[in-house]
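Open the model in your viewer and keep the selection panel at hand. The stops below go from the whole chain to single residues and then to the contact between chains.

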2 protein chains.
Amino acid sequence: MIEIERKFLVKDDSYKESAFTQNHIAQGYLSSAPARTVRVRIKGKKGFLTIKGISNTSGLSRFEWEKEISISDAEKLLLLCEKGAIDKTRFEIKVGSHIFEVDEFHGENQGLVVAEIELNSEEEFFEKPAWLDKEVTGDSRYYNSYLSTSPFRNW
Amino acid sequence: MIEIERKFLVKDDSYKESAFTQNHIAQGYLSSAPARTVRVRIKGKKGFLTIKGISNTSGLSRFEWEKEISISDAEKLLLLCEKGAIDKTRFEIKVGSHIFEVDEFHGENQGLVVAEIELNSEEEFFEKPAWLDKEVTGDSRYYNSYLSTSPFRNW
C-alpha cells in the first residue's frame with residue numbers, strides 16, 4: 001500500500017492529557033537506506049517487520065509493506081540490526097475524526113517529540129490541535145532511519 | 001534457526017541427469033550487507049522474504065529467518081531492491097540421504113554453477129557425487145548478495 005503521512009513538531013506535552021494509548025517501542029534497522037528501509041519493531045507485546053520505499057516527489061506518499069512477526073523473532077532480528085536502535089514512547093490521541101501518533105524519543109534522541117497523522121489522500125482535511133507545531137513532512141532528518149544513525153542530540 | 005551449509009563448485013553438468021526438481025529463481029536484495037542481508041525471492045510460484053546474519057568464524061553457520069509471502073508482495077518488493085537482481089535455475093538432486101541444490105546462474109553471472117548441501121551439524125558425513133568440485137564454503141565471493149553487486153562475468 002501507499003502510505004500518506006504528515007509529520008509535525010509539537011509545542012508542549014499537553015497531548016498527553018488526551019492520549020488513549022501509550023506503548024513502548026524499540027526498533028532497529030536492517031537497512032536504513034531511504035530507498036529501502038527494513039525495520040524491526042517491538043511495540044508493546046507485538047513484533048513487526050516493515051519495509052518502506054522512497055518518498056514520491058511531494059514527500060507525502062511512501063510505499064509500505066508490514067507483517068506481524070513473533071516477539072521472539074523480532075528480538076533475534078533486532079540483534080542483527082545496524083547500530084543506533086530507536087527507543088521511544090508512542091501516545092495515540094484522537095482529534096476530530098483522525099488519530100495522531102505522538103512519539104516521545106528516549107536515549108540519544110531524548111528531547112525530540114514528533115506527531116504524525118495518516119491520511120487517505122494528500123488533500124484530506126484534518127483538525128489541528130493546539131499543541132501542534134511546525135510541519136516537517138518530507139524532511140528526511142525526522143525519518144527514524146536517519147535518527148538511528150544521526151541522533152537528535154548531535155544535531 | 002542456524003543454517004549449516006557447505007558450498008562447492010561443480011565439474012560438469014551431469015548433475016542435471018539426476019535432478020528431481022528444477023525451478024526458476026529471481027531474487028534481489030533490500031540489504032546486501034553480509035551482516036544483515038535481506039533477500040526477496042520468487043521461486044517457481046512462491047514468494048519468500050529471507051534475512052541472514054553474518055557467518056560464525058568457521059564460515060559454516062549463519063543465522064537465517066524466512067517467511068513465505070505472496071507473489072504479488074514479492075513482485076512489489078523486488079522493485080525496491082538494490083540493482084543487480086539474481087536470476088538462476090535451481091536443480092535439486094538426491095545423493096545418499098542428502099539433497100544437493102545446484103544453482104546455474106544466468107545473466108551477468110552466466111557460467112557460474114554452485115552446489116549447496118544443508119547439514120544438521122558441522123561434522124555431519126555426506127556422500128560426494130562425481131560432479132562435485134572444490135569446496136568454496138565461507139568464501140563470500142560466492143554469496144548471492146556479493147554476486148548481485150560484483151557479478152561473475154567481471155571477476
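Predicted model: local features only at pLDDT ≥ 70, side-chain atom pairs only at ≥ 80, totals over all residues.

Of the contacts in chain A between residues at least 6 apart in sequence, 62% join residues at least 24 apart. Along the principal axes, the C-alpha atoms of chain A fill a box of roughly 40 × 35 × 30 Å. Buried residues make up 28% of the 155 residues of chain A.

**Helix H1 of chain A**

Select residues 71-80 of chain A, which form helix H1. Which residues of this helix are buried? They are A:Ala74, A:Leu77 and A:Leu80. These three cover an arc of only 105° around the axis, so they sit on the same side of H1(A). Now turn to the face of H1(A) directed away from the buried side, where the exposed residues A:Ile71, A:Ser72 and A:Leu79 are found.

**A:Tyr29**

Next select A:Tyr29, which an unreviewed UniProt entry lists under "active site". A:Tyr29 belongs to strand E2 of chain A, residues 19-31. Is A:Tyr29 buried or exposed? A:Tyr29 has 23 other C-beta atoms within 10 Å, so it is buried, the cut-off being 20 or more. Leaving aside neighbours within four places in sequence, show the residues in contact with A:Tyr29: A:Thr37, A:Val38, A:Arg39, A:Cys81, A:Glu82, A:Ser145 and A:Ser148.

**A:Thr149**

Move to A:Thr149, in helix H2 of chain A (residues 144-149). With 12 other C-beta atoms within 10 Å, A:Thr149 is exposed; a residue counts as exposed at 12 or fewer. Beyond four places in sequence, A:Thr149 is in contact with A:Ser32 and A:Gly84.

**The nonpolar core**

Show both chains for this stop. The largest nonpolar core has 22 residues, and those with the most contacts inside it are A:Leu30, A:Val38, A:Val40, B:Leu30, B:Val38 and B:Val40. At least two residues of this core come from each of E2, E3, E4 and H1 of chain A, and from each of E2, E3, E4 and H1 of chain B. In soluble globular proteins, nonpolar side chains tend to be buried together.

Centre the view on A:Leu30. Apart from neighbours within four places in sequence, A:Leu30 is in contact with A:Val38, A:Val40, A:Leu80 and A:Cys81 in chain A, and with B:Ser31, B:Arg36, B:Val38 and B:Ile51 in chain B.

**The contact between the chains**

Finish by selecting the contact itself, to which chain A gives 15 residues and chain B gives 15 residues. On the chain B side, strands E2 (19-31), E3 (36-43), E4 (46-55) and E5 (61-69) and helix H1 (71-80) each supply two or more residues. Which element of chain B gives the most? H1(B) does, with 4 residues. Coloured by type, the chain B side shows 9 nonpolar, 2 polar and 4 charged residues.

Technical notes: Residues numbered from 1 in each chain as written. Chains lettered and ligands numbered in written order. Contact = placed C-beta atoms within 7 Å. Nonpolar A, V, L, I, M, F, W, Y, C, P; charged D, E, K, R; others polar. UniProt positions renumbered as here; feature names shortened; annotations may be inferred. Arc of directions from axis to C-beta. Core = buried A, V, L, I, M, F, W, Y, C linked by C-beta atoms within 7 Å.
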